[in-house]
Amino acid sequence: MDWQGILSLALTLGALLILATTRIGPHLVMMVVLSILSVTGILTATEALSGFSNSGVITVAAMFVVAAGLHGSGGIDLLVNRFLGRPKTVRSALTRMFAPVALLSGFLNNTPVVATMIPAIHAWSRQINIAPSKLMIPLSYTAILGGTLTLIGTSTNLVVNGQYQVLTGEAGFSLFSITAVGFPVAVVGLFFIWLFFPKWLPDRGDQQAFGNLREFTLEVSVAKDGPLVGKTVASAGLRHLRRVYLVEIERGGTVVTAVPSEEKLQGGDRLVFAGDTEAISDLLRINGLVPSTENEEGLSLDTDRAERRLVEVVVSPHCDAVGHAIRDSGFRSRYGAVVLAVARHGERVQGNLGTIELAVGDTLLLEARPAFVSRQRYNKDFLLVNERNTDPPRHERAYLSWAILGGIVALAGLGLTSMLNAALLGSLLMILSGCCSVNQAEKNIDMMVIVTIAAAFALGMALEKTGVAAFLADNMIQLGSGKPWLLLILCYLLVSILTELITNNASAVLVLPIVLEMTEQAGLNNEPFIFAIIMAASASFATPLGYQTNLMVYGPGGYRFSDFLRVGVPMNLLIGAVTLTVLLIGWPLS
């Protein structure tokens, strides 16, 4: 190797070391590597930046927008409500969770799927009285296994396919090429989770059960033409909510207290709940409930609720509304926000929300535009406690969002267009149809993931261009004694170990040129080796660091690092054994 090869190899090892031993973001590490490769002339500017125009990377970005459409339209809520129900045991809860999560992850990038499902599963765990620690790791692992079912299930699959096309000049793989491997692996993996995880995972209860001791009074109304009209309190799902309870119903000037489960809801009913902010956020996602102010003088702020925030504030001594009832203070016109709930001294305030007189120190839960937050950073009326971007779902477009996703799968699966074009068309339709706003789409695109993948392409290209890939491939062939089955196992182990130390996308992109060179030198069929890379990069269970979804459930589940080792190491070994067995039986290696 010349100096360019030595520098490329040193950058590779240095990047691996930094990613494995520090908390520096992988996007920063890879961008530094890309810069060095370009400045030193190892890669031309076109080569260094080619990852940013790669079809796999653009497809990943487009699928993030599709996922935003499913979330913003309430499509995922629709799926959750239909499948999850009220199981009594952990195993029955896992059984109900497997199908929707695996299905979603098979056709959407599993990172936004898990991001969307975390609050849904967390709220569900409260309703069924099962600790989140029993469900959050299975949520991540199910999404990982579901992502192996199709080529669009994970960003890794798309990126490997995109780099494979660049390096070989071939057409790449179809939507369901990986399914023959991913399906048996997913079935075995899900059965393993169902059988052993209820005993192996800790029971730590709800980590946020006492995180918010402020109890709010919240008023909502039953939408006059909504799906809850005519349903009983129990059948509407309003009886067994945790951390929030139905206090009374106000109907036509009369008040129903100690509300029975059999009470039928009518359009325009005012429902008074008591609970904390987390529970109230869950309540506002129920289709058919609207803030009570929306039934008074038109909509609370305007007809589009998409860009609003739930903002928690404390009333300051300088607030002009102190001493006035909320309804009489002109709160909405004065501050551009709607009061949803009030707490005083940590307890809910009795009475009709509109008649409550505000006092200094009251904690208010407001629905407001982003401009409210900006103004109150300088005004003295309220002290900001926290802000949540709730983006209330547009339930009337839920079925439309699923139709768009189905169209994407049909177009790509039948070969009518490329996965890139199908994903771009789907993302465009999600925005134009109103399933998600432009703001939601922008926020859902994880730019750190996109930059990491695109920059990692440069390092993979440098390894191939400078001959490092050929050098490492030659050594791997010697290590495998020329035996194809042993080379396949070594390939899987190499990617699996790297994935636990660095990110799954980076490990796959770095190893792919080496494996392609190795299969060419040894005269082997490269397809099972490519699938081994895809599966090994996805099958990261042993640590919360190797796969982004593991890291996402780490906090909500209240886990420790050892929890992942306890259940993840056996999962790694099992999935590796099943994957290699399927590949060795189902594909010719030479």
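The side chains of Arg397 and Glu396 meet in a salt bridge, with N to O at 2.8 Å. A salt bridge here is a side-chain nitrogen of Lys or Arg within 4 Å of a carboxyl oxygen of Asp or Glu. The model is predicted, so local features need pLDDT of at least 70 and side-chain atom pairs count only at pLDDT 80 or more, while totals for chains, interfaces and linings use all residues. Residues are numbered from 1 along each chain as its sequence is written, and side-chain values use heavy atoms, with hydrogens and water left out.

Glu396 is exposed, with a relative accessible area of 61%. Arg397 is partly exposed, at 26%. Buried means under 20% relative accessible area, exposed means over 50%, and partly exposed lies in between (1.4 Å probe, protein chains only).

The structure holds 5 salt bridges. In one of them, Asp269 pairs with Arg251 through their side chains (2.7 Å, N to O). This pair links distant parts of the chain, 18 residues apart: Arg251 is in strand 2, and Asp269 is in the loop between strand 3 and strand 4 (270-275). Both Asp269 and Arg251 are buried. Asp563 forms a salt bridge with Arg566, and their closest N and O atoms are 3.1 Å apart. Both residues lie in helix 23, 3 residues apart, about one turn of the helix. Asp563 is buried, with a relative accessible area of 0%. Arg566 counts as partly exposed, at 40% relative accessibility. Elsewhere, salt bridges that share partners join Arg251, Glu263 and Asp269 into one network.

The secondary structure of the protein chain comes to 23 helices and 10 strands. Helices (H or I, at least four residues) and strands (E, at least two) are DSSP runs, numbered from the N terminus. Strand 2 (residues 244-251) is largely enclosed by the rest of the structure, because 6 of its 8 residues are buried. Strand 2 runs antiparallel to strand 3 (residues 254-257), and 4 bridges join them. Two strands pair if DSSP finds at least two bridges between them. Arg251 stands opposite Thr254 in strand 3. The hairpin of strand 2 and strand 3 has 2 residues between the strands, and in it Gly252 takes a positive phi near 60 degrees.

Of the 590 residues of the protein chain, 56% count as buried. The largest nonpolar core has 138 residues, and Leu139 and Tyr141 have the most contacts inside it. Helix 17 (residues 447-465) gives the most to this core, with 12 residues. Apart from this core lies another, of 23 residues, including Val222, Leu238, Ile249 and Leu265. A nonpolar core is a set of buried Ala, Val, Leu, Ile, Met, Phe, Trp, Tyr and Cys residues joined through side-chain atoms within 4.5 Å. Not counting residues up to four places away in sequence, Leu139 touches Met97, Val101, Val114, Met117, Ile118, Ile121 and Val553. Contact means heavy atoms within 4.5 Å. Among contacts in the protein chain with a separation of 6 or more, 80% join residues 24 or more positions apart.

The protein chain exposes about 23,200 Å², and carbon and sulfur atoms supply 60% of it. Accessible areas come from the Shrake-Rupley method with a 1.4 Å probe; for residues, only the protein chains shown count as cover. Phe561, Leu565, Val569 and Leu573 make a nonpolar surface patch of about 350 Å². Patches are made of residues with over 30% relative accessible area and no salt bridge; like charges are joined within 9 Å, and nonpolar side chains (Val, Leu, Ile, Met, Phe, Trp, Tyr) within 5 Å. Val569 lies in helix 23 (residues 561-586). Val569 is partly exposed, with a relative accessible area of 36%.
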